[in-house]
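Biologist: I have the sequence and the coordinates open on my screen. Could you take me through the fold?

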Amino acid sequence: MLKVQTLDKISSKGLDLLPREQYEVATEIPEPDAIILRSFKMHDMQLPESLKAVARAGAGINNIPIDKCTEKGIVVFNTPGANANGVKELVLTGMFIASRDIPKGLEWVKSQIDQGDQVPKLIEKKKSTFSGPEIKGKTLGIIGLGAIGAMVANDAEALGMDVIGYDPFISVESAWGLSSNIARAEGLESVLSKADYLSIHVPLTDKTRGMFDEEKFSMMKKGIRIMNFARGGLVDNTALASAIDEGIVAKYVTDFPDAEVMKLKNVIPLPHLGASTPESTDNCATMGVDQLRDYLEKGNITNSVNFPECSMSLSGDTRLIIANMNVPNMLGQITTFLADKNINIVDMLNKSRDNIAYSIIDVEGDIPDAHLEDIKNIEGIIMLRVI
């Protein structure tokens with residue numbers, strides 16, 4: 001019986017995919033084999049020795065101690081793209097509310113509730129205050145053409161916008177999904193100088209933190225409207241404040257507001273609503289559970305943030321999955337040991353990522369516990385499991 005611990009409320013559509021005759025699922029469970037969570041912060045948590053995998057039902061993994069998991073041979077998964085449609089719809093909403101000043105219009109109308117019969121006349125008199133441009137025919141620049149960026153690009157193009165995308169690391173899958181009408185920019189400056197609207201879809205890393213700084217704002221057209229549904233740290237707050245004061249940025253819509261940004265004029269702060277749809281919640285849970293099952297039952301790895309992608313059909317009688325330091329002759333030591341013990345390898349796959357190498361080895365027959373211990377004791381072995 002495999003044990004799965006839930007550290008947050010996880011959609012039943014995902015958890016129901018874990019057969020109860022094979023899995024025990026609970027919020028409080030001793031020695032779990034796997035954990036599935038959303039926003040629970042694991043950094044101060046003591047990781048059980050039994051733990052083999054962690055699945056984040058979402059894309060962000062800042063709440064998970066990745067390095068500590070890697071050292072212990074714990075595979076960490078996330079679910080990129082599972083909430084893409086929910087975020088995409090909010091980005092499109094952001095463009096509309098940035099254009100027509102709908103939030104301030106709503107706020108003002110509600111403030112007139114005590115004006116009685118004068119309300120219609122007051123509204124007609126005030127409505128021009130909240131006017132703004134249509135998006136049709138305008139240019140949308142998209143930075144980052146992953147799952148969300150590509151969907152935003154296609155839908156914006158369908159709404160009549162001219163779309164320019166920039167992503168030096170675009171995947172083949174995303175490229176195939178893009179409309180042929182989406183222009184591909186060779187550099188960031190060519191997007192910023194042409195865009196009437198800008199949508200940001202890049203991950204927050206040490207390299208991208210504060211990437212939209214004074215220099216980048218100076219490249220932009222005056223009156224640009226920016227949608228940031230990626231991460232707040234991508235935009236330098238001081239540079240943003242100056243760009244707003246200078247009229248470069250007409251509106252800034254963000255799903256990741258902080259106290260500093262909320263003090264600025266022309267900012268529309270949203271309470272991290274991107275993936276707050278029942279469909280996104282279900283999709284993330286389903287994808288996370290599918291990945292956990294594939295790993296726990298077959299050793300296959302898909303969408304891991306700390307281990308290489310590695311997947312192989314089952315063959316033979318016994319499957320070994322091994323993680324080790326990515327140094328020379330590790331695989332040779334393992335295969336030589338198996339050969340010396342007359343254990344025949346039926347199929348094998350070895351992949352590496354940074355300092356970690358991962359192998360799936362299918363063999364004939366069973367492997368005695370003593371032999372498994374010998375393999376574990378090879379210097380550089382981080383984790384070994386038998387399926």
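Modeller: The conversation below goes from the whole chain to its sheets and then to single residues.

Biologist: Before that, what kind of model is this, and how are residues numbered?

Modeller: This is a predicted model, in which local features need pLDDT of at least 70, side-chain atom pairs count only at pLDDT 80 or more, and totals for chains, interfaces and linings use all residues. Residues are numbered from 1 along each chain as its sequence is written, and side-chain values use heavy atoms, with hydrogens and water left out.

Biologist: How many helices and strands does the chain have?

Modeller: The chain has 14 helices and 16 strands. These are DSSP runs numbered from the N terminus, with helices being H or I of at least four residues and strands being E of at least two.

Biologist: And what does the C-alpha trace span along its principal axes?

Modeller: The C-alpha trace spans about 90 × 45 × 35 Å. The accessible surface of the chain is about 19,400 Å², and 50% of that belongs to carbon and sulfur atoms; such areas come from the Shrake-Rupley method with a 1.4 Å probe, and for residues only the protein chains shown count as cover.

Biologist: What percentage of the residues counts as buried?

Modeller: Of the 387 residues, 47% count as buried. Buried means under 20% relative accessible area, exposed means over 50%, and partly exposed is in between, with a 1.4 Å probe and protein chains only.

Biologist: Let us turn to the sheets. What is the strand order in the parallel one?

Modeller: The open sheet with parallel pairing has 7 strands in the order E8-E7-E6-E9-E10-E11-E12. Strand E8 (183–184) and strand E12 (267–269) are at the edges with a single partner strand each, so one side of each has no neighbour in the sheet. Two strands pair if DSSP finds at least two bridges between them.

Biologist: How many bridges join E6 to E9?

Modeller: Strands E6 (residues 139–143) and E9 (residues 197–200) run parallel and are joined by 4 bridges. Within this pair, Leu140 is opposite Tyr197 in E9.

Biologist: Which strands does helix H6 lie across?

Modeller: Helix H6 (residues 147–158) lies across E6, strand E7 (162–166) and E9, and runs at about 170° to E6. Axes are lines fitted to C-alpha atoms, for helices over the stretch in contact, and angles run from 0 to 180 degrees between N-to-C directions.

Biologist: Next, the antiparallel sheet. What is its order?

Modeller: That open sheet has 4 strands, ordered E14-E15-E13-E16, with antiparallel pairing. Strand E14 (345–353) and strand E16 (381–386) are the edges, each with a single partner strand, so one side of each is left without a neighbour in the sheet. On average, neighbouring strands of this sheet are turned by 10° against each other, direction ignored.

Biologist: Which helix packs on that sheet?

Modeller: Helix H14 (residues 369–376) does, touching E13 and E16, and its direction makes about 155° with that of E16. As for strand pairing, E14 and strand E15 (residues 356–363) run antiparallel and are joined by 8 bridges, with Ile345 opposite Val363 in E15.

Biologist: Is Asn324 buried or exposed?

Modeller: Asn324 counts as buried because its relative accessibility is 3%. Asn324 lies in strand E13 (residues 318–325). Not counting residues up to four places away in sequence, Asn324 touches several residues, including Met330, Asn355 and Gly380; contact means heavy atoms within 4.5 Å.

Biologist: And Thr318, buried or exposed?

Modeller: Thr318 has 6% relative accessibility and therefore counts as buried. Thr318 also lies in strand E13. Leaving aside neighbours within four places in sequence, its contacts include Ile361, Asp366 and Val386. The C-alpha atoms of Thr318 and Pro368, 50 residues apart along the chain, are separated by 11 Å.

Biologist: Where is Asp33 placed?

Modeller: Asp33 is in the loop between E2 and E3. Asp33 counts as buried because its relative accessibility is 9%. Among the residues it touches, not counting those up to four places away in sequence, are Leu2, Lys52 and Leu296.
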